[in-house]
Amino acid sequence: EYPDYLSCVYVAFGPPRHTIYLPIPFIAADELPKNLLNGQMLEAALKRQKSEAADAVVDPALVELQNKILGDYHRARRKARNMLRNDNNAEAEKLLRETMKSQSEEIVAFLDK
């Protein structure tokens with residue numbers, strides 16, 4: 001019913017059990033966030049990894065952020081599907097791209113603190 005570009009890949013940032021996943025919709029894969037391409041996101045994840053023991057208790061703030069990221073992505077995808085049903089493809093694509101970009105910024109801000 002829907003084009004496969006509504007599918008996504010999840011990019012993980014951080015050590016096991018302390019990882020944040022960024023959903024990247026296929027439609028937006030050709031325009032990845034700059035902080036992902038320039039290494040800022042990876043650098044922030046590695047910095048966090050060095051500051052935490054691998055067996056440390058998972059930070060509740062990380063779990064909260066991950067739940068927010070996934071919830072926001074799923075809501076955006078539902079809206080995009082509705083837009084596609086109404087032949088509003090450009091708006092659906094724009095929504096998914098903007099969602100991915102803002103989520104990447106949230107992740108970097110979290111990892112940097």
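**Figure 1. Six salt bridges are found in this structure, which is a predicted model.** One of them joins Arg-97 to Glu-31, with 3.4 Å between the closest N and O atoms. Arg-97 belongs to helix α4 and Glu-31 to the loop between β2 (20-25) and α1, so this pair ties together parts that are 66 residues apart in sequence.

**Figure 2. Lys-68, Asp-72, Arg-75 and Glu-106 are linked in a network of salt bridges.** Within this group, take a look at Lys-68 and Asp-72, whose closest N and O atoms are 2.7 Å apart. The two residues share helix α3 and are four residues apart, about one turn of the helix. Lys-68 is partly exposed at 37% relative accessibility, and Asp-72 is partly exposed as well, at 22%.

**Figure 3. Helices α3 (residues 60-85) and α4 pack against each other at an angle of about 175°.** Their axes are 8 Å apart. An angle over 145 degrees counts as roughly antiparallel, and α3 and α4 are therefore roughly antiparallel to each other. The residues of this contact divide into 14 nonpolar, three polar and six charged.

**Figure 4. The largest pocket has a volume of about 200 Å³.** The elements that give two or more residues to its lining are α1 and α4 (89-112). Helix α4 provides the largest share, six residues. By class, the lining has three nonpolar, two polar and six charged residues. If you are setting up a close-up of your own, the lining residues are Glu-31, Leu-32, Pro-33, Lys-34, Asn-35, Arg-97, Glu-98, Met-100, Lys-101, Ser-104 and Glu-105. Arg-97 and Glu-31, the salt-bridge pair of the opening view, are both among these lining residues.

**Figure 5. Leu-37 is found in helix α1 (residues 34-37).** With 60% relative accessibility, Leu-37 counts as exposed. Along the chain, Leu-37 and Glu-64 are 27 residues apart, and their C-alpha atoms are separated by 25 Å.

Conventions:
Residues are numbered from 1 along each chain as its sequence is written. This is a predicted model: local features need pLDDT of at least 70, side-chain atom pairs count only at pLDDT 80 or more; totals for chains, interfaces and linings use all residues. Side-chain values use heavy atoms; hydrogens and water are left out. Buried means under 20% relative accessible area, exposed over 50%, partly exposed in between (1.4 Å probe, protein chains only). On a 1 Å grid over the protein atoms alone, a cavity is a set of points where a 1.4 Å probe fits but cannot get out, and a pocket is an open set with protein on both sides within 12 Å along at least five of seven lines; lining residues have an atom within 4 Å of a point. Grid points are joined across faces, edges and corners, and a volume is the space filled by probe spheres set on the points. Ala, Val, Leu, Ile, Met, Phe, Trp, Tyr, Cys and Pro count as nonpolar, Asp, Glu, Lys and Arg as charged, and the others, Gly among them, as polar. Axes are lines fitted to C-alpha atoms, for helices over the stretch in contact, and angles run from 0 to 180 degrees between N-to-C directions. Angles under 35 degrees count as roughly parallel, over 145 as roughly antiparallel, 65 to 115 as roughly perpendicular and the rest as oblique. A salt bridge is a side-chain nitrogen of Lys or Arg within 4 Å of a carboxyl oxygen of Asp or Glu.
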